[in-house]
Amino acid sequence: MSIVVFDPDSVDDVDFKDRMRHPETADPAGGMWLSDTEPSFIDADALRNGRLKKLRDWMRAAGYGAVVLFDPYNQRYATGSRNMFGYFLRNSTRYFFIPTEGPVVLFEYPQSYHVSMVLDTIDEARPSKLVWSSVSGKDDETAGPFADEITDLLKQHGGGSMKLGMDRCSHLQALALEKRGCEVKDCQGEILAVRAVKTPEEIKCLQVSMAGAEAAVAAVREAIKPGVFETKLFAIMYHEVIRQGGEFIETRLLSSGQRTNPWFNEASGRKIRPGELVALDTDTIGCYGYYSDFSRTFRCGPGKPTPYQKSLYRMAYDQVQHNIDIVKPGMAFREIAEKAWKIPDRFVDQRYTSVMHGVGMHGETPFIAHAMDYETYGRDGYLVPGMVVSVESYIGEKGGREGVKLEDEILITENGTELLSRFPYEDEFLSGET
């Protein structure tokens, strides 16, 4: 028997001085914070720098000296940085100062500066002035030092402008900044408008995120059987999302049987019975923090779907396909609402809340309401190439036994649309007579 001697010098990409280290990814940020499932074909430098340039182009055109970002989604868009994402969704203690020109300054949670300082989009890290201030009942005390530091930075790097955008903050912080001469503006809506049109690297992220979500839905479909709990199916979906490089699921929209009507019931401990419908919405924050948003409805076997189930499914399918088919670049939101599939009267009360909505790092702008809801929820605008939208349908009548949820995600292109969600529909619902 021959003995193979392993020569560590023959391997270039493994650091044998520290056996716990993993070979670094193609991203210069390396294994410091990216998962192994984030693909090398995405140019992470181009992704981060392209987004920051778009943000700063808008700031310059709008006359901002700087923005202060508390929203973790906006922070990630501007810099690529993420740190305890869910924690900072509810704790506004981590923030970025981003001038139109000059250094990007991160005000970070204690002892975690190293997480983001590997990124070329961040120039400096300082301790946050707001850590635990609400918990400690010290918001009144911290607002002043916070405003002093931000005002000083704005005077240094704002190019003479004292116009300061803030995506979210407490009124105490805004008042303190205004007292020091800053012109504070709520810029959340403006930033979302900047984010609405995707860069080429963002579209790649959306595509790979969708592939992971499709794998998760396939795992759910395979696991549907009599007696399985809704929560078990949701756990299977969540497991596969994480395994595919995703991060978290924003909702728990997976229901069965009578709990599919009306929509928006979240996963429960209910056991699924033969012949019942199982409906889900992915709502997944996937690879590189990009959203995957499509919906499907399945049936628990054995047997075949009932004529009523098939009719619900066919209507939902027709609604999605019709509304995809009418979309073209340059089309006004109001025109889409007016030309959208006409919902039969008995399903109007429980209609989905939009015809379609934007997709990026989460559900974003635009929100295109139904014609009947346009004065309440609608806004004027146009679809332009680079926007990504999810086209929605829910068909279930008030008091009905079940309902069907379907949804697809599409990219607006120069010539029309491109389907991003490719999970197939169920032939058993669409074949034959309803």
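Reader: Why is Tyr288 called buried?

Author: Tyr288 counts as buried because its relative accessibility is 6%, and buried means under 20% relative accessible area, with exposed being over 50% and partly exposed lying in between, for a 1.4 Å probe and protein chains only. This is a predicted model, in which local features need pLDDT of at least 70 and side-chain atom pairs count only at pLDDT 80 or more, while totals for chains, interfaces and linings use all residues. Residues are numbered from 1 along each chain as its sequence is written, and side-chain values use heavy atoms, with hydrogens and water left out.

Reader: Where is Tyr288 placed, and what is its phi?

Author: Tyr288 lies in the loop between strand S10 (284–285) and strand S11 (291–292), where helices (H or I, at least four residues) and strands (E, at least two) are DSSP runs numbered from the N terminus. Its phi is positive, about 55°, although Tyr288 is not a glycine.

Reader: Why is Phe264 called partly exposed?

Author: The relative accessible area of Phe264 is 44%, and therefore the residue falls in the class called partly exposed. Phe264 is found in the loop between S8 and S9, and its phi, near 90°, is a positive value in a residue other than glycine.

Reader: What makes strand S9 largely enclosed by the rest of the structure?

Author: Strand S9 covers residues 277–281, and five of the five are buried, so the strand is largely enclosed by the rest of the structure. Leu277, Ala279 and Asp281 point one way from S9, whereas Val278 and Leu280 point the other way, and all are buried.

Reader: How do you know that S8 and S9 pair?

Author: Two strands pair if DSSP finds at least two bridges between them, and strand S8 (residues 254–256) is joined to S9 over three bridges in the antiparallel sense. As one example, Leu254 has Leu280 of S9 as its bridge partner.

Reader: What makes S9 and S12 a pair?

Author: S9 and strand S12 (residues 295–299) are linked by five bridges, again in the antiparallel sense, and the bridge partner of Ala279 in S12 is Thr297.
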